[in-house]
Amino acid sequence: MLSNLVLIGFMGSGKSSVGRRLAEMTGHRFLDTDHRVSTRTGSSISSIFARHGEEYFRDLETEILEELLGVCGIVLATGGGIVLREKNRELLHRIGTVVWLDADPDTIFERVRRNTKRPLLRTEDPRKTFDELREARLPIYEEAADLRIDSTGLGHAHVAQEILRSVCKLQAANSPTS
Ligand code: S3P
(Lines give C-alpha, C1' and ligand atoms only; values in the text may rest on other atoms or scores of the structure.)
Protein backbone atom coordinates (compact mmCIF):
# COMPACT_ATOMS: atom_id res chain seq x y z
CA MET A 1 0.00 0.00 0.00
CA LEU A 2 1.30 3.44 -0.89
CA SER A 3 2.33 5.44 2.18
CA ASN A 4 1.16 8.96 2.93
CA LEU A 5 3.21 11.46 0.93
CA VAL A 6 4.55 14.60 2.58
CA LEU A 7 5.93 17.37 0.37
CA ILE A 8 8.49 19.77 1.79
CA GLY A 9 10.57 22.43 0.08
CA PHE A 10 11.15 26.12 -0.32
CA MET A 11 8.27 28.51 -1.07
CA GLY A 12 7.48 28.33 -4.77
CA SER A 13 8.82 24.81 -5.23
CA GLY A 14 5.39 23.65 -6.42
CA LYS A 15 4.31 21.61 -3.38
CA SER A 16 0.60 22.44 -3.64
CA SER A 17 0.26 22.04 -7.41
CA VAL A 18 2.28 18.84 -7.50
CA GLY A 19 0.51 17.61 -4.37
CA ARG A 20 -2.88 18.01 -6.04
CA ARG A 21 -1.64 16.03 -9.04
CA LEU A 22 -0.31 13.30 -6.78
CA ALA A 23 -3.64 13.09 -5.01
CA GLU A 24 -5.47 12.72 -8.34
CA MET A 25 -3.06 10.00 -9.44
CA THR A 26 -3.13 8.00 -6.22
CA GLY A 27 -6.65 8.54 -4.90
CA HIS A 28 -5.09 9.95 -1.70
CA ARG A 29 -6.73 13.00 -0.14
CA PHE A 30 -4.91 16.30 -0.66
CA LEU A 31 -4.20 18.44 2.39
CA ASP A 32 -2.19 21.63 2.74
CA THR A 33 -0.88 22.93 6.07
CA ASP A 34 -1.05 26.61 5.01
CA HIS A 35 -4.66 26.15 3.95
CA ARG A 36 -5.49 24.47 7.26
CA VAL A 37 -3.86 27.27 9.23
CA SER A 38 -5.87 29.85 7.29
CA THR A 39 -9.22 28.10 7.65
CA ARG A 40 -8.62 27.42 11.34
CA THR A 41 -7.81 31.03 12.16
CA GLY A 42 -10.04 32.66 9.54
CA SER A 43 -7.00 34.75 8.50
CA SER A 44 -4.54 34.79 5.66
CA ILE A 45 -0.96 33.66 6.33
CA SER A 46 0.22 37.25 5.85
CA SER A 47 -2.13 38.65 8.46
CA ILE A 48 -1.25 35.88 10.95
CA PHE A 49 2.43 36.85 10.57
CA ALA A 50 1.58 40.55 10.85
CA ARG A 51 -0.74 40.25 13.85
CA HIS A 52 0.78 37.41 15.87
CA GLY A 53 4.29 36.82 14.50
CA GLU A 54 6.12 33.84 13.10
CA GLU A 55 6.30 31.76 16.32
CA TYR A 56 2.52 31.77 16.64
CA PHE A 57 2.24 30.60 13.03
CA ARG A 58 4.82 27.83 13.71
CA ASP A 59 2.79 26.69 16.74
CA LEU A 60 -0.25 26.30 14.52
CA GLU A 61 1.78 24.27 12.03
CA THR A 62 2.88 21.92 14.83
CA GLU A 63 -0.69 21.58 16.09
CA ILE A 64 -1.89 20.62 12.62
CA LEU A 65 0.84 18.00 12.15
CA GLU A 66 0.01 16.45 15.52
CA GLU A 67 -3.60 16.08 14.45
CA LEU A 68 -2.57 14.22 11.31
CA LEU A 69 -0.74 11.43 13.13
CA GLY A 70 -2.48 8.16 12.32
CA VAL A 71 -4.41 9.55 9.34
CA CYS A 72 -3.98 7.35 6.24
CA GLY A 73 -4.25 7.98 2.51
CA ILE A 74 -3.12 11.59 2.32
CA VAL A 75 -0.82 13.79 0.29
CA LEU A 76 0.30 16.65 2.52
CA ALA A 77 1.76 19.86 1.10
CA THR A 78 3.54 21.89 3.78
CA GLY A 79 4.67 25.48 4.26
CA GLY A 80 8.32 26.06 3.35
CA GLY A 81 9.42 26.72 6.93
CA ILE A 82 7.71 23.76 8.60
CA VAL A 83 11.00 21.86 8.76
CA LEU A 84 12.65 24.50 10.94
CA ARG A 85 11.41 22.90 14.14
CA GLU A 86 12.95 19.57 15.06
CA LYS A 87 9.65 18.45 16.50
CA ASN A 88 7.97 19.09 13.14
CA ARG A 89 10.62 17.10 11.29
CA GLU A 90 9.94 14.19 13.59
CA LEU A 91 6.17 14.53 13.09
CA LEU A 92 6.55 14.72 9.30
CA HIS A 93 8.41 11.39 9.34
CA ARG A 94 5.75 9.79 11.43
CA ILE A 95 3.06 11.02 9.02
CA GLY A 96 4.55 9.66 5.81
CA THR A 97 7.35 9.50 3.26
CA VAL A 98 8.95 12.94 3.16
CA VAL A 99 9.70 14.21 -0.34
CA TRP A 100 11.78 17.35 -0.82
CA LEU A 101 10.70 19.21 -3.93
CA ASP A 102 13.64 21.24 -5.13
CA ALA A 103 14.37 23.31 -8.25
CA ASP A 104 17.04 25.71 -9.33
CA PRO A 105 16.89 29.00 -7.38
CA ASP A 106 16.21 31.26 -10.38
CA THR A 107 13.16 29.22 -11.36
CA ILE A 108 11.82 29.26 -7.81
CA PHE A 109 12.47 32.97 -7.33
CA GLU A 110 10.64 33.80 -10.57
CA ARG A 111 7.59 31.98 -9.21
CA VAL A 112 7.57 33.65 -5.80
CA ARG A 113 8.46 37.12 -7.07
CA ARG A 114 5.13 37.47 -8.84
CA ASN A 115 3.22 36.40 -5.75
CA THR A 116 2.66 38.84 -2.89
CA LYS A 117 1.48 36.23 -0.39
CA ARG A 118 4.89 35.42 1.13
CA PRO A 119 5.37 37.66 4.19
CA LEU A 120 8.97 36.52 4.75
CA LEU A 121 10.00 37.92 1.37
CA ARG A 122 8.49 41.37 1.90
CA THR A 123 11.86 43.01 2.44
CA GLU A 124 13.85 45.75 0.73
CA ASP A 125 15.79 43.20 -1.28
CA PRO A 126 13.61 40.10 -1.75
CA ARG A 127 16.20 38.29 -3.87
CA LYS A 128 18.85 38.67 -1.17
CA THR A 129 16.42 37.48 1.50
CA PHE A 130 15.40 34.58 -0.72
CA ASP A 131 19.03 33.52 -1.28
CA GLU A 132 19.89 33.78 2.42
CA LEU A 133 16.83 31.85 3.54
CA ARG A 134 17.37 29.19 0.92
CA GLU A 135 21.03 28.78 1.80
CA ALA A 136 20.20 28.42 5.49
CA ARG A 137 17.43 25.91 4.86
CA LEU A 138 19.03 23.61 2.29
CA PRO A 139 20.76 21.41 4.90
CA ILE A 140 17.54 21.23 6.91
CA TYR A 141 15.50 20.02 3.91
CA GLU A 142 18.25 17.54 3.19
CA GLU A 143 18.15 16.21 6.73
CA ALA A 144 14.35 16.10 6.84
CA ALA A 145 13.77 14.33 3.52
CA ASP A 146 13.60 10.68 2.56
CA LEU A 147 13.85 11.69 -1.10
CA ARG A 148 14.79 14.76 -3.13
CA ILE A 149 13.16 15.44 -6.49
CA ASP A 150 14.52 18.14 -8.78
CA SER A 151 11.60 19.70 -10.63
CA THR A 152 13.65 22.14 -12.74
CA GLY A 153 12.15 22.28 -16.22
CA LEU A 154 9.48 19.68 -15.49
CA GLY A 155 5.69 20.14 -15.52
CA HIS A 156 3.64 19.27 -12.43
CA ALA A 157 2.35 15.97 -13.83
CA HIS A 158 5.86 14.87 -14.73
CA VAL A 159 7.16 15.77 -11.26
CA ALA A 160 4.29 13.86 -9.67
CA GLN A 161 5.18 10.77 -11.77
CA GLU A 162 8.82 11.04 -10.74
CA ILE A 163 7.80 11.22 -7.10
CA LEU A 164 5.62 8.14 -7.36
CA ARG A 165 8.34 6.19 -9.12
CA SER A 166 10.91 7.10 -6.46
CA VAL A 167 8.59 6.49 -3.52
CA CYS A 168 7.59 3.05 -4.84
CA LYS A 169 11.27 2.16 -5.28
CA LEU A 170 12.05 3.32 -1.77
CA GLN A 171 9.12 1.41 -0.29
CA ALA A 172 10.16 -1.75 -2.15
CA ALA A 173 13.73 -1.40 -0.92
CA ASN A 174 12.53 -0.98 2.68
CA SER A 175 9.96 -3.77 2.60
CA PRO A 176 10.90 -6.76 4.78
CA THR A 177 10.56 -9.26 1.88
CA SER A 178 13.08 -7.50 -0.41
C1 S3P B 1 6.86 30.02 4.64
C2 S3P B 1 6.32 29.50 3.50
C3 S3P B 1 4.91 29.67 3.13
C4 S3P B 1 4.04 29.93 4.37
C5 S3P B 1 4.61 31.03 5.18
C6 S3P B 1 6.04 30.75 5.65
C7 S3P B 1 8.30 29.83 4.92
O8 S3P B 1 4.41 28.53 2.46
O9 S3P B 1 3.95 28.76 5.15
O10 S3P B 1 4.58 32.20 4.41
O11 S3P B 1 8.74 30.01 6.08
O12 S3P B 1 9.03 29.44 3.98
P13 S3P B 1 4.83 28.13 0.93
O14 S3P B 1 6.07 27.32 1.05
O15 S3P B 1 3.66 27.34 0.45
O16 S3P B 1 5.00 29.40 0.21
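**Notes on the pocket, ligand and cavity**

1. The largest pocket has 32 lining residues, and Ser 16, Asp 34, Ile 45, Lys 117 and Arg 118 are the ones nearest its centre. The elements giving two or more residues to this lining are α1 (15–26), α2 (33–41), α3 (45–52) and α4 (54–68), with α1 giving the most, four residues. For the search terms: on a 1 Å grid over the protein atoms alone, a pocket is an open set of points with protein on both sides within 12 Å along at least five of seven lines, a cavity is a set where a 1.4 Å probe fits but cannot get out, and lining residues have an atom within 4 Å of a point. Helices (H or I, at least four residues) and strands (E, at least two) are DSSP runs, numbered from the N terminus.

2. Before going further, keep in mind that this is a predicted model, where local features need pLDDT of at least 70 and side-chain atom pairs count only at pLDDT 80 or more, while totals for chains, interfaces and linings use all residues. Residues are numbered from 1 along each chain as its sequence is written, and side-chain values use heavy atoms, leaving out hydrogens and water.

3. Volume of the largest pocket comes out at about 720 Å³, where a volume is the space filled by probe spheres set on grid points joined across faces, edges and corners. By class, its lining splits into seven nonpolar, 15 polar and 10 charged residues. Here Ala, Val, Leu, Ile, Met, Phe, Trp, Tyr, Cys and Pro count as nonpolar, Asp, Glu, Lys and Arg as charged, and the others, Gly among them, as polar.

4. On to the ligand: 14 residues surround it, the closest being Lys 15, Asp 34, Arg 58, Arg 118 and Arg 137 (the cut-off is a heavy atom within 4 Å). Gly 81 uses a polar backbone atom instead, 3.3 Å from a ligand oxygen.

5. The whole structure holds one cavity of 30 Å³ or more. Its lining is Phe 10, Ser 13, Trp 100, Leu 101, Asp 102, Ile 108, Arg 134, Leu 138 and Tyr 141, with β4 (97–102) and α7 (126–144) each supplying at least two residues. That makes six nonpolar, one polar and two charged residues.

6. Strands β4 and β5 pair in the parallel sense over four bridges (pairing needs at least two DSSP bridges).

Notes: Polar contact = N/O pair within 3.5 Å; in protein donor to acceptor, adjacent residues only side chain to side chain.
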